[in-house]
Structure formats: C-alpha cells, structure tokens
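The exercises below are meant to be worked through with the sequence and the structure side by side. Try each task before reading the solution that follows.

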Amino acid sequence: MSLSIRNQLPGTVTTVTPGEAMATVRVRLNGGQDLTAAITREAAEDLRLTPGTAVRALMKSTEVSLATAPVEGLSIRNQFPGTVTALAAGDAMASVRVTVQGGELSAAITREAAEDLALSPGLPVVALIKATEVALATA
C-alpha cells in the first residue's frame, strides 16, 4: 500500500500503557531515538501491539513543527534534533526536509514561519511532534 504520509520511521514497540480509551505506545526507532504515540486503546488491541512488535511510525508533514533550539517545558514528548537539508518555499507554505538520527522528516510550515526562523540548509533544528499526531502501522 502506498501512502501520502511523507514521514514513515521504522521501529520496535518497547512499552504499551493502556488506558480507558487511549493507550500510549513507546517505540524505539531504528535510528535509536524513542518516540511516543498516543492511539486509541482499540487500535492498540487491533494491532496486537506488545513489546517487540515491529511498527512504522507515521506522521503527516503538517504535524511536524520546527524549533531552532531545544525546547523545555512543553508537553510535546517527541523532540528530534536534526539538520535542515532542503527548503522549498512557495507563496504561502514551505516544505522543509530535516535529517534526524536514522532518517529524514518532512515539515510543512508557513513561509512566514520559515522566514522568521531563518531556515536554510545546514541549520540545526529540533523537530517537534505531539504523541497524538503519530499513527502506527504493522506489517
């Protein structure tokens, strides 16, 4: 199956914490980083997620935010340091490619935000992704 979701990072489930309606799932990405996904409990059960399950973490590029320095005091669990490798800006939006440990992420942000952050290839950034914006897929 082909998907329009640009960001697809492989990893392995390390922990599943079920709640009444939602579950948090910790994934060790193949690049070594840890990622947290908050999915419905039903989805976690349907996917039969347990420690050791191979998954692919999926994140739409519109759900990836960028910062030019590490950010503390946020509820966003997923913060991946990286480097801008490409930037394509249009009249309203910009597409930013970021190399992170073990992979690459794409972020779709406003052109104004890209200008305010002075983004350019080679600039170090931090990609921020809320756990609720991460979907998980199994083979």
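**Exercise 1.** Which side chain meets that of R28 in a salt bridge, and at what N to O distance?

*Solution.* Begin with the source of the coordinates, since this is a predicted model. The side chain of R28 meets that of D34, and the distance from N to O is 2.6 Å. Taken together, R26, R28 and D34 are linked in a network of salt bridges.

**Exercise 2.** Decide whether R26, R28 and D34 are buried, partly exposed or exposed.

*Solution.* The cut-offs needed are under 20% relative accessible area for buried and over 50% for exposed, with partly exposed in between. R26 has a relative accessibility of 32%, so it counts as partly exposed. R28, with a relative accessible area of 39%, is partly exposed, and D34, at 28%, is partly exposed as well.

**Exercise 3.** Find where R41 and E45 lie, and describe how their side chains meet.

*Solution.* Both R41 and E45 belong to helix α1, which covers residues 41-46, and they are four residues apart, or about one turn of the helix. Their side chains meet in a salt bridge with an N to O distance of 3.1 Å. R41 is partly exposed at 34% relative accessibility, and E45 is partly exposed at 48%.

**Exercise 4.** Work out the order of the strands in the five-stranded open sheet, and explain why one side of β5 and of β8 has no neighbour there.

*Solution.* The order is β5-β9-β6-β7-β8, and the pairing is antiparallel. β5 (65-67) and β8 (103-110) stand at the edges with a single partner strand each, and therefore one side of each is left without a neighbour in the sheet. From one strand to the next, the twist averages 45°. For a closer look at one pair, take β6 (residues 78-89) and β7 (residues 93-100), which are joined in the antiparallel sense over seven bridges; the bridge partner of A88 in β7 is S95.

**Exercise 5.** Identify the residues that touch the most other members of the largest nonpolar core.

*Solution.* This core holds 32 residues, and those with the most contacts to other members are L35, L66 and L136. Several strands each supply at least two residues of the core, including β1 (7-18), β2 (22-29) and β3 (34-40).

Key: Residues are numbered from 1 along each chain as its sequence is written. This is a predicted model: local features need pLDDT of at least 70, side-chain atom pairs count only at pLDDT 80 or more; totals for chains, interfaces and linings use all residues. Side-chain values use heavy atoms; hydrogens and water are left out. Two strands pair if DSSP finds at least two bridges between them. Axes are lines fitted to C-alpha atoms, for helices over the stretch in contact, and angles run from 0 to 180 degrees between N-to-C directions. A nonpolar core is a set of buried Ala, Val, Leu, Ile, Met, Phe, Trp, Tyr and Cys residues joined through side-chain atoms within 4.5 Å. Buried means under 20% relative accessible area, exposed over 50%, partly exposed in between (1.4 Å probe, protein chains only). A salt bridge is a side-chain nitrogen of Lys or Arg within 4 Å of a carboxyl oxygen of Asp or Glu.
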